[in-house]
Amino acid sequence: KLGYVYYYRSNFEQEGNTVRQTDIAEFDPWRLGATLSFGYSTFNFHFYYGLNPLFDSQARVHGEPIDMRVLKFGLMFYIL
């Protein structure tokens with residue numbers, strides 16, 4: 001599955017401090033992932049795993065690169 005994130009917003013809130021960002025230079029908007037769906041009749045399981053990380057190699061925390069990927073799973077119901 002190939003996708004592009006054209007708008008995003010990051011929120012951070014704590015007591016006395018609120019930060020909202022819509023432009024993170026290290027964020028990679030291109031999404032590439034593998035999907036798997038299986039089931040029978042009304043009930044179907046769905047899995048998605050992002051093959052590329054959310055941030056490019058320039059994003060670091062304490063000198064270590066951030067290698068964060070997307071994992072989604074769920075149960076879908078089809079009622080016709």
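Predicted model: local features only at pLDDT ≥ 70, side-chain atom pairs only at ≥ 80, totals over all residues.
User: How many aromatic pairs does the structure hold?
Analyst: Happy to start there. Two rings pair if their centres lie within 6.5 Å. On that basis, the number of aromatic pairs in the structure is 6.

User: What kind of pair do phenylalanine 27 and phenylalanine 55 form?
Analyst: Their ring centres are 6.2 Å apart, and the planes meet at 75°. Planes over 60 degrees apart count as edge-to-face. So phenylalanine 27 and phenylalanine 55 are edge-to-face.

User: How many residues apart are phenylalanine 27 and phenylalanine 55?
Analyst: Phenylalanine 27 sits in the loop between strands S3 and S4, while phenylalanine 55 belongs to the loop between strands S5 and S6.

User: Is phenylalanine 43 buried, partly exposed or exposed?
Analyst: Good one to check by numbers. Buried means under 20% relative accessible area and exposed means over 50%. Phenylalanine 43 has 47% relative accessibility, so this residue counts as partly exposed.

User: Which residue lies over the face of tyrosine 48?
Analyst: A charge sits over a ring if, among other conditions, the NZ of Lys is within 6 Å of the ring centre. Here the distance from the ring centre is 5.6 Å, and the residue over the face of tyrosine 48 is lysine 72.

Notes
Residues numbered from 1 in each chain as written. Heavy atoms only, no water. Phe/Tyr/Trp six-rings, centres within 6.5 Å; stacked < 30°, edge-to-face > 60°. Helix = DSSP H or I, 4+ residues; strand = E, 2+ residues; numbered from the N terminus. Buried < 20%, exposed > 50% of the residue type's maximum accessible area, 1.4 Å probe, protein only. Lys NZ or Arg CZ within 6 Å of the ring centre and 35° of its normal.
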